[in-house]
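Keep the picture in view as you read.

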Amino acid sequence: MWEEAKETADLVLGVDDFAIKKGHTYNTGIHNLKGETMLDLLPGRKLEELRTYAQEHPGFLLLNPKAVSWT
């Protein structure tokens, strides 16, 4: 999925957190909004957790999005 996203012209990333159990358990989805695909799902919703994820997934850091939508 990362390769496909990397090749997408004018890539727009969507980052969306959602509750599994409101107030207790959260996840974050990373989406290619141009290709309408989910790239990955990671536990948590805090910025530090996304930073840790980025360090562990070099494909994520190679993306060059035109825009990022954080909802």
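Along its principal axes, the C-alpha trace spans about 35 × 25 × 15 Å.

Before going further, a word on where this comes from. This is a predicted model, where local features need pLDDT of at least 70 and side-chain atom pairs count only at pLDDT 80 or more, while totals for chains, interfaces and linings use all residues. Residues are numbered from 1 along each chain as its sequence is written, and side-chain values use heavy atoms, with hydrogens and water left out.

So how confident is the predictor? The score to look at is pLDDT, the predictor's confidence in each residue, from 0 to 100. The chain has a mean pLDDT of 89, and 100% of its residues reach 70 or more. Confidence is lowest in α1, with a mean of 84, and highest in strand β2 (residues 25-32), at 93.

Now trace the chain from its start. You'll pass 3 helices and 4 strands, in the pattern α-β-β-β-α-α-β. These are DSSP runs numbered from the N terminus: helices are H or I with at least four residues, strands are E with at least two.

Next, peek inside. Of the 71 residues, 30% count as buried, meaning under 20% relative accessible area with a 1.4 Å probe, protein chains only (over 50% is exposed, in between is partly exposed). In soluble globular proteins, nonpolar side chains tend to be buried together. Here the largest nonpolar core has 12 residues, among them Trp2, Leu13, Ile30 and Leu63. Such a core is a set of buried Ala, Val, Leu, Ile, Met, Phe, Trp, Tyr and Cys residues joined through side-chain atoms within 4.5 Å. Two or more residues come from each of α1 (2-7), β3 (37-43) and α2 (47-56), and α2 gives the most, with 3.

Finally, find Tyr53 and Phe60, both buried. They form an edge-to-face aromatic pair, 5.7 Å centre to centre with 75 degrees between the planes. Rings of Phe, Tyr and Trp (its six-membered ring) pair if their centres lie within 6.5 Å; planes under 30 degrees apart are stacked, over 60 edge-to-face, and the rest tilted.
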